Amino acid sequence: MAQEDVFKKIVSHCKEYGFVFPSSDIYDGLAAVYDYGQNGVELKNNIKQYWWQSMVLLHNNIVGIDSAIFMHPTTWKASGHVDAFNDPLIDNRDSKKRYRADVLIEDQLAKYEEKMDKEVAKAAKKFGDSFDEAKFRETNPRVLENQRKHDELHARFAEAMESNNLEELKQIIIDEGIVCPISGSKNWTDVRQFNLMFSTEIGASADSASKIYLRPETAQGIFVNFLNVQKTGRMKLPFGIAQIGKAFRNEIVARQFVFRMREFEQMEMQFFCQPGTEMEWFNYWKQYRLAWHQALGMGNDNYRYHDHEKLAHYANAATDIEFRMPFGFKEVEGIHSRTDFDLSQHEKYSGRQIKYFDPERNENYTPYVVETSIGVDRMFLTVMCHSYTEEQLENGSTRVVLRLPEPLAPVKCAVLPLVNKDGLPEKAQEIVNDLKFHFNTTIEAKDTIGKRYRRQDAIGTPFCVTVDGDTLNDNCVTLRHRDTMEQERVPIAKLREIIEDRVSITSVLKKLDVK
Ligand code: GAP
């Protein structure tokens, strides 16, 4: 099945099984805004819990905060977001559709890559085992021609972006003959800069109201609280402050479901350290964060680092952790060494001294910062993309199963009375009443047992417990495992131990090695 079709299936599965709904669905939705349903919220909460505990519980020197979404407007002047948090936009006059100029050009680059890949795939099919891909790419005239066009475009594009040359971006679009995907026309406006922050007004009357922004990242709430936390918590460097919260960006090209949203959630941690030690911590966090992802068992090959060559002016190192989505390797998380830029900027704009007094060195200085920043929704998407599986069974039927990492599953255990009578529902409820204190347990009595198994498979429930007539005599149940569909007879008294061991967040946390 084409990867595009797989992705469409994942999106509709999310809606059908109560994971993600379009926002305000009865009004036909709101672009790039989504609601999480009864199963989605559980999965999302488990992701957040895993992240929070790995940061705040496993690291003695990391504490959490929960800062407000609204912040003093000067915050965003100091951070650079008012002046520089922009995307280059272009409109098509015929379709009246708006695009990001850089995305149109990136799509064009991807087209050259696709053309080359197609040539390679065709040749690989023709030559079979004797095919030497590297040699083919070096010598085939059509591949070489597309590679040349790609490289020239890439160099021109990078230079235009670096020098913020909007006329050149438009010229590239014209020279490449890029057309509007809707109207098919080349009737483009000029390219303009567009700030991604949403603004609103705070204040009771129109006269006294002033413009404020919805935060585009949670990080600034941590920077402005650096002194509050350091002093009240008597924190010594190095130490970190973690936060989970909503962020808002007026994304122009909102695509790929919850990958790029206008309202989303971030899990960010700012790690404050002595200047000169930041590269050591950058490397520590780079490795720790990858280990965090890998501990979930979603395949080490599905992750890669993407080190940034071109750094923001305040950063001295940056890398992304990318995950193999159905639409290619994509950024899930960023790790950035941000020097003392943010604290210094806030010192300058607030007029307050924001320094750390180091008792060992007997001096004041501005700490350096290493940031880890991951989107909850993107993490959610990696988990869904990895887990969605369609299986052909021996009897010829198809099973859709979400092979979720067990500790992240919304429901850990479903208790199913074989029939909805003869005291079985009551016995099942008794089991639920005990297990529900330890992990998310549900009861389902309607429909055939086969249909109920399928429904639980589709939401990724790792364990089903079937209560039958014998249970009333021997206090044993049938435990069914989601991935293997294997069934075993176990005493009710053992259920908690067997299941808890596999589904607790602690079981993944234990795989993480903390310095
Ligand atoms: N404080 C640094 C910062 O915000 P970023 O690379 O802009 O850095 C960090 O964002 C992470 O937030 C990304 O790696 C991604 O997971 C998530 N993210 C950013 N924009 C997003 C959007 N529009 N929709 C969903 N997630 C987003």
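At 4% relative accessibility, Ile 431 counts as buried, a term that means under 20% relative accessible area with a 1.4 Å probe and protein chains only, while exposed means over 50% and partly exposed lies in between. The model is predicted: local features need pLDDT of at least 70 and side-chain atom pairs count only at pLDDT 80 or more, whereas totals for chains, interfaces and linings use all residues. Residues are numbered from 1 along each chain as its sequence is written, and side-chain values use heavy atoms, with hydrogens and water left out.

Ile 431 lies in helix H14, residues 424-435. Leaving aside residues up to four places away in sequence, Ile 431 touches Val 415, Val 467, Val 477, Ile 492 and Leu 495; contact means heavy atoms within 4.5 Å. Ile 431 and Ile 492 are 61 residues apart in sequence, with 7.6 Å between their C-alpha atoms.

For the protein as a whole, 65% of the contacts between residues at least 6 apart in sequence join residues at least 24 apart. There are 18 helices and 23 strands, taken as DSSP runs numbered from the N terminus (helices H or I, at least four residues; strands E, at least two). Of the 515 residues, 49% count as buried.

Helix H1 covers residues 3-16, and at 1.5 Å a residue its 14 residues should span 20 Å, which agrees with the 20 Å between its end C-alpha atoms. The expected span is 1.5 Å times one less than the number of residues. In H1, Val 6, Phe 7, Ile 10, His 13 and Cys 14 are buried. Seen down the axis of H1, the buried residues fall within an arc of 120°, so they line one face of the helix; the arc is that of the directions from the helix axis to the C-beta atoms. The face turned away from the buried side carries the exposed residues Glu 4, Lys 8 and Glu 16. Among the elements covering the buried residues of H1 are strand E1 (20-22), helix H13 (376-387) and helix H15 (449-459). Gly 18, with a positive phi near 75°, follows H1.

The second largest pocket has a volume of about 390 Å³. A pocket is an open set of points on a 1 Å grid over the protein atoms alone, where a 1.4 Å probe fits, with protein on both sides within 12 Å along at least five of seven lines; lining residues have an atom within 4 Å of a point. Grid points are joined across faces, edges and corners, and the volume is the space filled by probe spheres set on the points. H5 gives the most to the lining of this pocket, with 5 residues.
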